[in-house]
Structures are given as C-alpha cells and as structure tokens.
Amino acid sequence: MIALARAVTLLVALGPTCAHAADIGYLAPPGVAAIEFPSPRRPVAEIVSPRRSSEEHRDALNEAGEVARHLELTPGMTVGDIGAGSGYHTVRLSPLVGPGGSVVAEDVTRDYLIELARRTERLKLKNVKFALGEPHDPRLPASSLDAAILVHMYHEITQPYAFLYNLALALKPGARIGIVDLERPTPQHGTPIELLRCELSAVGYHEIATYRLAGDGGYLAVFSPPGGAGRKSPRDIVACGAR
C-alpha cells in the first residue's frame with residue numbers, strides 16, 4: 001500500500017510535466033537546412049541559463065517596457081519571444097497584446113518551455129503558445145508574427161545566418177525584430193553592435209534604429225526583415241569576420 005501510494009504521488013507530480021511536454025513541439029515544417037548557409041566566423045556562446053539576471057532588477061530598469069515602446073507593440077499583435085528561456089518577456093507581453101493577440105514563446109531547450117508552460121498556467125495567461133525550435137530554424141509558421149524579440153540570446157545562436165533567414169519567413173510584411181544584447185565579445189555573452197549589423201545585413205535585414213537601454217541592459221537594435229526582391233539566396237550570404 002505504501003509503494004502504491006508513492007507511485008500515485010509520483011504520477012500526480014509528473015502529470016503536468018508530461019502534459020506540457022506532449023503539447024510542446026514544432027509549429028511548422030523545417031525551413032532551409034543549415035548546410036545551405038555559411039557558419040559564423042566567430043565564437044558562439046554556450047547556453048548556460050534560462051535567465052540573464054533577476055526579474056526584479058530588470059523590472060527596475062523597465063526593460064520590458066522599453067522594448068515594447070521602441071518596437072511599438074500594441075494589443076492584438078502576435079509577438080514571438082525567440083529564445084524565451086524562463087519567460088521574462090513572455091509573461092509581460094501576454095497582457096500587453098491582450099486576448100486579441102498572442103505571444104509565441106520559442107526556444108531550442110524543451111525543458112525551458114515546459115517550465116514556462118507551468119508558469120503561464122499558474123498566471124492564467126491564455127494567449128501564450130509554445131514553439132520548439134532548432135539551432136538553425138525557429139520552426140514557426142510563415143507570415144505569422146507581427147514582431148519578434150531576441151533578448152540576450154543572439155550570441156548563443158549556433159547557426160545565425162540560417163536562423164535569421166528562416167526567422168524572416170515567419171515575419172509578416174512590415175514586421176520588426178528587436179535584438180537586445182551587450183556590447184561585449186560573443187564568448188562573454190554579448191554581441192558587438194557592428195558585428196550584429198554585419199550579420200543581419202548579410203541576410204538582407206535593414207537597421208531601423210538602435211537604442212541604449214538603462215543600467216546594464218545593453219542595447220536594443222531594431223531591424224526590418226528582408227522581403228521580395230531583397231531576399232538573398234542562402235548561397236549568396238557571406239559570413240562576417242569576428243569584430
């Protein structure tokens with residue numbers, strides 16, 4: 001009887017995890033394969049944590065508010081939180097876009113998404129979707145996003161040219177992406193702004209503006225994606241050197 005009780009307790013404890021795991025997967029077929037693109041000619045940082053710093057500290061700097069303001073995020077939008085991690089921006093974007101909008105929390109680490117699904121359930125956030133991605137491909141439906149944010153994770157993308165190319169396919173006409181990072185070398189979990197500009201330009205993105213965030217928040221660089229005649233062939237993309 002004791003063993004049975006323990007087994008039931010374990011199943012109850014594992015139940016939510018299994019349910020979330022079953023629901024989390026790719027939202028779209030594979031995009032263009034990584035082999036079609038050049039590899040980065042600079043180091044790629046390892047994924048070491050689902051969060052950068054305490055949420056209280058980030059709130060004190062109004063990080064989420066500044067990102068939303070500069071990207072002009074409004075109710076009704078569908079916003080991709082790419083590399084969502086622990087979901088700092090996901091849970092703040094959810095009430096901002098409202099019931100008429102949605103947040104797509106994407107990550108390559110399934111365990112992060114499972115934990116984030118638990119968090120959004122506790123907070124009763126009904127407009128969050130979860131998307132498992134690959135290092136070279138966010139695996140998101142075509143023309144599904146009004147905006148995308150990549151916050152303190154760009155330096156961890158192992159195949160940035162393929163990832164940016166496949167991400168562009170998920171962005172609607174007129175969409176913007178905002179990349180938040182630190183002005184430091186990629187092995188130190190940052191991306192020098194000139195390197196960022198070079199890599200996005202190589203794929204056909206166009207810079208709109210760059211903003212300095214408060215405190216140790218780094219910078220926010222806003223770009224428009226390539227489209228139509230501005231879209232390059234993967235074979236025409238030339239990797240940038242380390243900067």
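A disulfide is defined here as a pair of cysteine sulfur atoms within 2.5 Å. The structure is a predicted model, in which local features need pLDDT of at least 70 and side-chain atom pairs count only at pLDDT 80 or more, while totals for chains, interfaces and linings use all residues. Residues are numbered from 1 along each chain as its sequence is written, and side-chain values use heavy atoms, with hydrogens and water left out.

A search of the whole structure finds 1 disulfide. It is formed by Cys198 and Cys240, whose sulfur atoms lie 2.1 Å apart. The bond links distant parts of the chain, as Cys198 belongs to helix α7 (residues 193–203) and Cys240 to the segment after β7 (219–224), 42 residues apart. Helices (H or I, at least four residues) and strands (E, at least two) are DSSP runs, numbered from the N terminus. The torsion about the S-S bond of Cys198 and Cys240 is about -100 degrees, and the disulfide is therefore left-handed. Both Cys198 and Cys240 are buried, where buried means under 20% relative accessible area, exposed over 50%, and partly exposed in between (1.4 Å probe, protein chains only).

The sheet was examined next. An open sheet is formed by 7 strands in the order β3-β2-β1-β4-β5-β7-β6, with mixed pairing; two strands pair if DSSP finds at least two bridges between them. Strands β3 (128–132) and β6 stand at the edges with a single partner strand each, so one side of each has no neighbour in the sheet. From one strand to the next, the twist averages 20 degrees; axes are lines fitted to C-alpha atoms, for helices over the stretch in contact, and angles run from 0 to 180 degrees between N-to-C directions. Strand β5 (residues 171–181) and β7 run antiparallel and are joined by 5 bridges. Gly178 stands opposite Val222 in β7.

Helix α3 (residues 63–70) packs on the sheet, where it touches β4 (145–151), β5, β6 and β7, and its direction makes about 25 degrees with that of β7. Contact means heavy atoms within 4.5 Å. Helix α4 also packs on the sheet, touching β1 (78–82), β2 (102–107), β3 and β4, with its direction at about 160 degrees to that of β2. In helix α4 (residues 88–97), 7 of the 10 residues are buried, so the helix is largely enclosed by the rest of the structure. Among the buried residues of α4 are Tyr88, Leu93 and Val97. Just after α4, Gly98 takes a positive phi of about 75 degrees.

A salt bridge is a side-chain nitrogen of Lys or Arg within 4 Å of a carboxyl oxygen of Asp or Glu, and a search of the whole structure finds 12. Glu199 forms one with Arg42, the closest N and O atoms being 2.9 Å apart. Because Glu199 lies in helix α7 and Arg42 in the loop between α1 (2–23) and α2 (55–60), the pair ties together parts 157 residues apart in sequence. Glu199 is buried at 0% relative accessibility, and Arg42 is buried with a relative accessible area of 8%.

Arg197 and Glu207 meet in another salt bridge (3.0 Å, N to O). Here Arg197 lies in helix α7 and Glu207 in strand β6 (residues 206–212), so the pair ties together parts 10 residues apart in sequence. Arg197 is partly exposed, with a relative accessible area of 27%, as is Glu207, at 36%. Finally, Glu55, Asp59, Arg92 and Arg119 are linked in a network of salt bridges.
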